[in-house]
Amino acid sequence: MHKVELTCYAGNLKSLKEALSSGADSVYVGGESFGRDTLSDDFSREDLVEGIKFAHDNNKKVYLTINLLPHNKDFDGFREFLMELDRLNVDALIVSEPGTLVTVKQILPNMKVHLGNVSNVYNYETANFWHKQGANRVVISRELSIKEMETMRFKTPEDLELEAFVHGPIIMSYSGRKLITSYLESKGKDDYSPKKRYNLTEEKRKGQYCPVYEDEGGTIFFASRDLCMIEYLDKIIRAGVNTLTIEARMEDENYVREVVSVYRKAIDDFYQNNFEYKCSEDMLERLKNATHRKHTTGFYLEEIVNYD
């Protein structure tokens, strides 16, 4: 049985260290707008340098996400930015569209490239296409079932790694425009602040809040419930997935510590118990207490997402 990697989003240096110290094998960090001095308001270049050193000192890895959907102007200075990342010894770059992937492979042919979740890999033909373009790993769309993941693994090369999200906020859609900023400006209000919480509600689902997040690349809409696959972790591993991912984009280091440690224990139990797995009530309770938001298994169990 193959060994799986546990990775987690880190929005700042504290979360990076907490994730790796709590059992994550790797983290992926911002980089929404390449070429800037900072990855985000909470993650400076100096933080990245320290984070990479911390990770490598502990035999862990750091992946950096490049723009979701870059425009022409975003490629100005891209070569210099990539060379800097290479000097910093980033372990892989996460891209989401062909122009970025091709440029990375031209400038840094030895750099590992992962295809991000925004690329919507729904089938094995698409996965194989990206592998031929140089992608070492693809993130499986969260709209697929575990059975479809298994089919994808069977029909893709063994050296193409498959990654699947197992916990955290579910991205419903992405807009390349800053929708919140545009709305606030039209009302004569202050600019968007990442320190504030923004939510949308549907007319027929009052009381169910869908978080909205904005970065340099645009606006991201999240579902009203968080994904939680702790009860079915063994099924995802058996389907041939190589990397299990925790999304923590809107969460602090305390959330990261608690969630990562639960999934670390679950993975270790699976291997130590000869691939027999049973999720404990303690694991479920700890994950429930980590957030005020309710959980869902999404489409993974071939169910229609139900937020009622």
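**Figure 1. Welcome to the whole chain, seen by its surface and its fold.** The chain exposes about 15200 Å², with 46% of this supplied by carbon and sulfur atoms (accessible areas come from the Shrake-Rupley method with a 1.4 Å probe, and for residues only the protein chains shown count as cover). This is a predicted model, in which local features need pLDDT of at least 70 and side-chain atom pairs count only at pLDDT 80 or more, while totals for chains, interfaces and linings use all residues. Residues are numbered from 1 along each chain as its sequence is written, and side-chain values use heavy atoms, leaving out hydrogens and water. The chain holds ten helices and 14 strands (DSSP runs numbered from the N terminus: helices are H or I with at least four residues, strands E with at least two). Of its 308 residues, 55% count as buried (buried is under 20% relative accessible area, exposed over 50%, partly exposed in between, with a 1.4 Å probe and protein chains only).

**Figure 2. A cluster of rings joins Phe-270, Tyr-271 and Phe-275.** Rings of Phe, Tyr and Trp (its six-membered ring) pair if their centres lie within 6.5 Å; planes under 30 degrees apart are stacked, over 60 edge-to-face, and the rest tilted. By this rule the count comes to six aromatic pairs. Phe-270 and Tyr-271 form an edge-to-face pair because their ring planes stand at 75°, with the centres 5.2 Å apart. The rings of Phe-270 and Phe-275 have planes at 50° and centres 5.6 Å apart, so this pair is tilted. Phe-270 is buried at 1% relative accessible area, Tyr-271 is buried at 13%, and Phe-275 is partly exposed at 31%.

**Figure 3. Two arginines meet aromatic rings: Arg-142 over Phe-165, and Arg-249 over Tyr-9.** A charge sits over a ring if NZ of Lys or CZ of Arg is within 6 Å of the ring centre and within 35 degrees of the ring normal. The charged end of Arg-142 is 3.9 Å from the centre of the Phe-165 ring. For Arg-249, the distance to the ring centre of Tyr-9 is 4.9 Å.

**Figure 4. Here is Lys-278, in the loop between helix H9 (253-272) and helix H10 (281-289).** Lys-278 is exposed, with 76% relative accessible area. Tyr-232 is 46 residues from Lys-278 in sequence, and their C-alpha atoms are 8.7 Å apart in space.

**Figure 5. Residues 304-308 have pLDDT under 50.** pLDDT is the predictor's confidence in each residue, from 0 to 100. Where it is low, the predicted coordinates should not be read in detail.

Note on methods. Contact means heavy atoms within 4.5 Å.
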